[in-house]
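User: I would like to learn how to read the features of this structure. Where should we start?

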Amino acid sequence: MRLLPVFAAATLAISALAACGGNDSSESDASTATSGTVNWWGWTPTDTATANAYIAAFNQKFPDIKVNYKLVNISDWVAALRPALASGNGPDVFDMQPGAYVTQFKSFAEDQTKLAEDALGAGWKDKVAPIGISGLTATESTQDGGKLTAMSVGSVYAGMLWLNGDIFKKYNLTAPTTLDEWKHVCQVLKQNKVGCFVQGAAQEGFDQDTLQSIANSVQPGLWSKASTGDAKWTDPGIVKTLAIWKDLFDSGIMQEGAVGYQQYPDANNDFLTGKYGMIMMGTWYTQYATTKAMTAALSAAGVSGAKPFPIVPAAFPDVAGAGNTSEMYGDADFGLAISTKSKNKAAAETFVKWMATSAEGQQAIADQLNDIPSVKGVEPDFTKIELVDPATQKGPVEDLITKSGSITEPRESLLSADVQTGILAAATSVATGKSTPEDAAKALQQAAEAAGVTFK
Amino acid sequence: MTGTSTPTLHRAASVSDEADGGGRRRGPRRPPGLPWILPALVLSVGLIYYGIGYTGYISTLNWDGISPGPEHVGAHNYTRMLHDPVFWAAVRHTALFFVLTFVVQTLVGLTFAVLMHSKLKLAAIYKVIVFVPVVLAPAIMAPVFRHMFAPDGELNAVLRHIGLGDLAQPWIGQTSTALPVIMFITIWEWTGVTFVLYYAAMTQIDPSVLEAARIDGAGNLRTLRSIIWPELRGTTVALAMLGAIGALKTFDVPYLVTIGGPNYATEFLGTYIYRQTIPLSHVGYGAALSIVLLVVALLMALALQFAGREREGR
Amino acid sequence: MFEIRSRTGRIFLQIFATVLLIPFAFPLVVMVKGAFAGEGLGNFQAVLRVPGFGRFFVNSLIIAAAVIVLVYVVTMMAAFGFAKLHIRFREVYFWLLLACLTLPEVVLLAPLFATDTKLGLYDTYWAVILPLAALQVPFAVLLTRNFINSLPDELFEAARVDGANSYRGFIYLVIPLTRPIGAAVLIFTLVAAWNDYLFPLVFLQSPDLQTITLVPQFFVGEFSNDQTKILASAVITAIPEIVAYLSLQRLFERGLSAGAIK
């Protein structure tokens with residue numbers, strides 16, 4: 001009776017096809033470099049309006065290439081994209097996320113090394129953010145190894161907090177830099193019946209962010225080492241990370257019921273409607289520093305007539321008290337891949353080149369403040385962007401963008417889906433008091449070994 | 001002919017027994033019926049059994065769903081289940097979920113059905129409110145429930161408003177209340193069907209029997225227990241069967257409301273199959289779980305049907 | 001059922017029913033309230049302004065109508081065959097069909113996709129209509145068989161004596177007499193077809209073929225999630241189903257009461 005979706009077996013189907021379908025690459029290309037129709041599928045930009053704005057800018061230069069954007073929710077991405085690509089009638093261009101999706105979709109994606117060389121010259125690797133290349137290249141030693149599956153359009157970085165400027169000003173608070181200061185801020189806010197910090201702890205991605213930041217405060221680089229197998233998850237540093245994580249719940253920094261919260265929409269809506277003073281979000285959140293996006297977000301959360309407030313970036317506190325500044329980390333947000341079965345490859349290449357490598361395309365990305373553009377030296381044009389409160393926001397936001405340029409630590413691209421599940425299990429079992437940090441670390445280590453990570 | 005009202009000359013139960021066996025004895029031989037059921041068999045049985053066979057094959061593979069040349073592992077995916085704590089947790093949740101949702105749905109559905117037959121004012125509106133959840137897609141209602149059960153959601157707001165603030169809690173954010181929330185949502189969604197079927201079945205009860213009981217001095221509750229309830233047994237068995245199958249297939253509500261969490265507190269067989277197959281790409285294991293689910297569902301349906309027939313008596 | 005003669009008894013019963021109803025009404029109130037939060041009616045306008053909204057609506061109608069017709073025809077025939085005609089091993093066939101009720105959709109996707117592409121059905125309405133119908137038929141046959149069982153055999157025997165074959169019996173007796181259970185089949189099938197999200201998502205990829213259940217996607221993204229408009233689209237999506245239920249309610253209840261499931 002309960003009829004509804006399990007998207008599952010889509011996976012099987014496609015693979016069956018991919019396996020037996022064979023590659024008929026002799027398809028004639030109906031497009032030229034300056035004309036044709038390109039169907040683009042993505043989970044981001046998350047609103048069609050933004051995508052259409054990019055397309056409009058693109059059409060100023062290439063009026064004869066028609067681009068159709070189809071938004072597919074990230075949770076339906078695999079289920080919808082696989083059959084479409086396998087059928088041969090799917091999109092010409094599709095979004096690619098570093099990590100697990102590269103493995104899943106690499107066989108459907110054209111190698112873009114030549115496109116990059118054409119657009120940026122032989123030294124192209126020095127002209128774009130390195131994190132965008134590594135994350136979107138298929139792992140050597142596997143099938144399609146070394147293939148550049150997509151051109152990175154922009155990157156996102158995390159390992160920081162965003163503060164509600166109005167709340168901090170009203171209660172005369174400053175951004176916490178240690179665990180004790182963090183607890184103090186929360187105490188003050190609680191006395192005034194304002195929420196302190198909000199996190200969607202039900203989802204692995206955002207738990208990982210917080211854990212990775214804590215780990216970077218305990219021992220810089222340890223998290224990445226554990227991810228690659230150079231350190232064990234049972235390392236005392238990881239156990240301590242989990243113990244501090246537990247402390248965030250026990251000391252009331254985490255909001256009540258955090259393990260039932262999803263970062264989107266729950267935590268996001270609560271923060272944007274001014275119920276909490278702090279949230280763990282990355283550079284993609286910069287877009288809400290603008291009046292336009294903030295106003296739209298408020299209305300999306302169901303609040304009418306609310307006044308936009310300034311959000312301000314802050315470093316993650318040194319929660320371990322070991323004197324380490326907690327380094328940030330990041331990945332390519334998305335790259336654009338070209339389908340091997342596209343019948344409009346020439347036009348598709350023109351579009352990808354424009355988005356990922358041209359000055360105009362990258363400027364459009366930068367000004368959106370969702371991604372840090374892939375090509376080095378492109379920065380948002382703050383003369384055209386209206387911040388809610390330039391006096392308090394402009395400095396910190398510009399600093400953040402500059403700082404991002406030098407980040408090399410990967411965010412999620414080192415972790416397989418199985419390990420991520422293990423991390424979520426560790427995080428929630430510790431948070432709910434079902435496991436001690438030691439036991440949770442042991443279980444996580446076992447999960448990683450079972451998932452095929454080899455440890456030294 | 002077209003204008004005749006629903007024939008209610010015979011009660012379904014007795015007639016169905018007749019139709020099952022007695023046709024030949026009582027009249028001319030019936031014309032062949034196989035061609036008539038063929039389209040249904042081709043459409044449903046053909047399509048669906050093909051799917052089951054395919055899945056059965058996949059369940060013997062160790063496969064991520066992409067790589068060519070998957071490895072044949074025989075029954076390994078099935079033995080793996082025995083040592084998988086999440087699988088057993090999912091089984092426990094599914095069983096508990098079925099028992100509780102079935103009992104509550106039956107009680108509430110029956111109560112409503114009795115009340116709506118008792119000359120209640122505004123019964124027409126009440127009926128619609130109970131049934132409307134059936135037509136609303138869980139995908140559509142999920143955000144509503146996430147909102148409603150949030151720490152600062154409508155439920156806690158109401159509790160605080162009526163002075164029960166102490167009861168306010170993060171309903172879907174703690175392992176102890178998350179499963180009950182999932183059950184509540186399911187009960188909300190499906191009681192309409194239970195109600196409608198009981199309501200319909202009650203119209204078939206001969207009023208003179210009720211009248212006779214009243215004359216004998218039986219009170220309302222007594223009548224309900226000893227006359228109405230036994231008359232509804234067929235419906236109850238059918239609902240139990242549908243409920244058991246539904247519980248085994250449960251996916252959308254826990255997936256959309258709690259993502260199986262916190263800490264696997266609301267993991268069901270349905271959500272676990274999804275988790276293994278799509279996000280984790282353990283396609284072979286997911287297929288093996290699907291096959292186990294099918295077998296259990298079939299056994300449950302047979303057992304319930306059998307129990308129902310046995311106790312129906314003659 | 002209950003006979004309450006006293007006034008206080010009636011009032012008590014009314015209050016009891018109302019209290020019991022609160023948990024059912026509450027989520028509906030939350031939904032409608034949420035749909036009007038923020039921009040109020042503007043939310044609904046925004047949903048209606050989604051490019052192609054009319055097209056999606058029509059697609060959903062086409063798919064639902066086709067599924068209903070298919071399920072109706074196949075079910076009526078099968079139920080008639082099971083109830084009134086001679087079939088050797090009848091119960092075996094019936095249980096083969098009923099077993100299909102236990103199938104979760106997961107299991108169907110892979111084989112369906114393989115077949116769809118072979119037959120050229122991928123990205124056509126058929127790719128959605130056929131599996132939806134296949135999944136609805138077992139329950140519909142279960143309902144309808146019982147209903148037809150309860151029609152007196154004498155009717156059919158009399159028709160046969162008058163020289164009518166099975167086909168005429170079907171057209172002139174079964175179809176008109178089963179209108180009430182037909183309404184029930186229609187409602188249940190409509191709900192399943194209209195609400196389905198999975199099959200259109202996986203099997204239809206042209207924007208021209210998308211269905212209305214995919215509309216909330218326009219407001220759900222990774223980094224923005226427009227609750228009010230999602231709820232507004234939920235309300236709009238539910239309207240056709242509620243209208244269908246309300247207008248068929250009496251026939252529906254009559255159908256279930258004569259057939260009921262046993």
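Analyst: Start with the surface. Accessible areas come from the Shrake-Rupley method with a 1.4 Å probe. The model here is predicted. Chain B has an accessible surface of about 13200 Å². Carbon and sulfur atoms hold 65% of that surface.

User: What percentage of the residues in chain B is buried?

Analyst: Buried means under 20% relative accessible area. Of the 314 residues in chain B, 58% are buried.

User: How many helices and strands does chain B have?

Analyst: Chain B comes to 15 helices and 2 strands.

User: Which residues of chain B does UniProt list under "transmembrane region"?

Analyst: The unreviewed UniProt entry gives residues 34-52, 95-116, 128-149, 178-200, 232-251 and 283-304 of chain B. Compare two of these with the model. Residues 34-52 of chain B are 100% helix, with end C-alpha atoms 24 Å apart. Residues 283-304 of chain B are also 100% helix, and their end C-alpha atoms lie 31 Å apart.

User: Now chain A. What is its mean pLDDT?

Analyst: pLDDT is the predictor's confidence in each residue, from 0 to 100. The mean for chain A is 87, and 92% of its residues reach 70 or more.

User: Which elements of chain A have the lowest and highest mean pLDDT?

Analyst: Helix H1 (residues 10-21) of chain A has the lowest, at 39. Helix H11 (residues 236-250) of chain A has the highest, at 97. Across residues 1-27 of chain A, pLDDT is below 50. The model still gives this stretch 85 contacts beyond near neighbours in sequence. Where pLDDT is low, predicted coordinates should not be read in detail.

Note on methods
Residues numbered from 1 in each chain as written. Chains lettered and ligands numbered in written order. Predicted model: local features only at pLDDT ≥ 70, side-chain atom pairs only at ≥ 80, totals over all residues. Heavy atoms only, no water. UniProt positions renumbered as here; feature names shortened; annotations may be inferred. Helix = DSSP H or I, 4+ residues; strand = E, 2+ residues; numbered from the N terminus. Contact = heavy atoms within 4.5 Å. Buried < 20%, exposed > 50% of the residue type's maximum accessible area, 1.4 Å probe, protein only.
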